[in-house]
Amino acid sequence: MDEVLVIGIGAGDPEHITLAAVSALARADVIFSLDRATGDLTAARDALIRRHAPATPVVVVDEPRRDRGAADYAGAVEAWRAARARAWQAAIDAHAGVGAFLVWGDPAVYDSTIAVLAQLAVPFRVIPGISSVAALCGAHRIALTRVAGEVLITTGRRLAATGWPVGMTDVVVMLDGQGAYHRVRTEPLAIFWGAYLGTDREQLISGPLAAVAAQIDAARERARTEYGWIMDTYLLRRS
Ligand SMILES: C[S@@+](CC[C@H](N)C(=O)[O-])C[C@H]1O[C@@H](n2cnc3c(N)ncnc32)[C@H](O)[C@@H]1O
């Protein structure tokens with residue numbers, strides 16, 4: 001291939017795709033799909049393809065599954081990464097022209113597409129997208145950074161394991177399957193929480209963490225029951 005484009009497509013709102021992403025989609029001769037997303041995300045991505053690149057073929061890359069029961073965890077992850085890179089390389093080698101990988105949100109935020117492509121023998125370019133972090137701040141009408149302040153982006157798993165990061169005032173939490181905000185519930189924090197940001201299911205809750213944690217629990221529970229999955233992001237802020 002001449003080039004592979006890693007295109008950020010925004011985190012849910014079809015209007016959040018950038019003009020650069022639209023141009024990149026129009027340039028692509030083939031779109032590579034990993035199909036790891038849930039049905040709803042796949043549908044949202046497919047709608048963008050129909051709108052901006054209706055005639056472009058979509059090729060599913062047959063990725064190997066990770067052996068989650070392996071005794072040698074690090075070895076299994078290493079082997080899986082290598083097998084995954086080989087599958088991507090094979091898919092790329094089977095096509096000519098310009099290829100595209102569509103990435104939810106921004107490819108720079110908790111996504112492995114760039115890391116995998118960096119191992120391959122193919123030139124690639126990244127088209128940034130609007131991340132769920134930007135969508136969260138926009139929806140709540142807040143700034144992410146405070147004057148001369150700093151922000152940590154972390155995962156629910158890490159917050160649950162380590163508690164409040166020493167010295168930080170602002171922490172964005174993603175990939176939280178377990179309600180990790182409970183780990184820091186007694187800290188004097190405000191929370192700005194958003195689920196399905198940018199979609200017609202968008203839900204927002206904000207307030208003192210201790211006061212609204214139960215409301216967020218209930219919203220997450222209802223969403224899981226109704227839709228079968230939930231995707232949420234939140235900012236925890238010490239006043
Ligand atoms: C694998 S990461 C991908 C992040 C993505 N690259 C981005 O820029 O937002 C998935 C996590 O992103 C967050 N996320 C992505 N889209 C979201 C949305 N529409 N609403 C709320 N959170 C979202 C959630 O924290 C989810 O667990």
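Colleague: Leaving out residues up to four places away in sequence, which residues does Arg-45 touch?
Modeller: Keep in mind that this is a predicted model. Arg-45 sits in helix H2. Once residues up to four places away in sequence are left out, what it touches is Ile-9, Ser-33, Asp-35 and Leu-102.

Colleague: And is Arg-45 buried or exposed?
Modeller: Anything under 20% relative accessible area counts as buried. Arg-45 has a relative accessible area of 12%, so the label is buried.

Colleague: Which side chain does a polar contact of 3.2 Å join to that of Arg-45?
Modeller: For a polar contact, the N or O atoms must be within 3.5 Å. The contact here is 3.2 Å, and the side chain joined to Arg-45 belongs to Ser-33.

Colleague: Let's turn to the rings. Are Trp-88 and Phe-101 stacked or edge-to-face?
Modeller: There are five aromatic pairs in the count. In the pair of Trp-88 and Phe-101, the ring centres are 4.6 Å apart and the planes are at 15 degrees. Planes under 30 degrees apart count as stacked, so this pair is stacked.

Colleague: How many residues apart are Trp-88 and Phe-101?
Modeller: Trp-88 belongs to helix H3 (residues 73-93), while Phe-101 belongs to strand E4 (residues 98-103).

Colleague: Which residue lies over the face of Tyr-227?
Modeller: A charge over a ring has to be within 6 Å of the ring centre. At Tyr-196, Arg-201 lies over the face at 5.8 Å from the ring centre. At Tyr-227 the distance is 3.8 Å, and the residue is again Arg-201.

Colleague: Which element gives the most to the largest nonpolar core?
Modeller: That core has 25 residues, and Ile-191, Trp-193, Leu-209, Tyr-234 and Leu-236 touch the most other members. Strand E7 (170-174), E8, H7 and strand E10 (232-238) each supply at least two of its residues. With six residues, the one that gives the most is H7.

Colleague: How many residues are in the other core, the one with Val-4 and Ile-92?
Modeller: This core lies apart from the largest one, and Val-103 and Val-116 are also among its members. The count is 17 residues.

Colleague: Last one: how far apart in space are Pro-57 and Asp-67?
Modeller: Pro-57 is in the loop between helix H2 (39-52) and strand E3 (58-60), and with a relative accessible area of 44% it is partly exposed. Leaving aside neighbours within four places in sequence, Pro-57 is in contact with Asp-29, Val-30 and Ile-31. Asp-67 is ten residues from Pro-57 in sequence, and the C-alpha to C-alpha distance is 31 Å.

Terms used: Residues numbered from 1 in each chain as written. Predicted model: local features only at pLDDT ≥ 70, side-chain atom pairs only at ≥ 80, totals over all residues. Heavy atoms only, no water. Phe/Tyr/Trp six-rings, centres within 6.5 Å; stacked < 30°, edge-to-face > 60°. Helix = DSSP H or I, 4+ residues; strand = E, 2+ residues; numbered from the N terminus. Lys NZ or Arg CZ within 6 Å of the ring centre and 35° of its normal. Buried < 20%, exposed > 50% of the residue type's maximum accessible area, 1.4 Å probe, protein only. Contact = heavy atoms within 4.5 Å. Core = buried A, V, L, I, M, F, W, Y, C linked by side-chain atoms within 4.5 Å. Polar contact = N/O pair within 3.5 Å; in protein donor to acceptor, adjacent residues only side chain to side chain.
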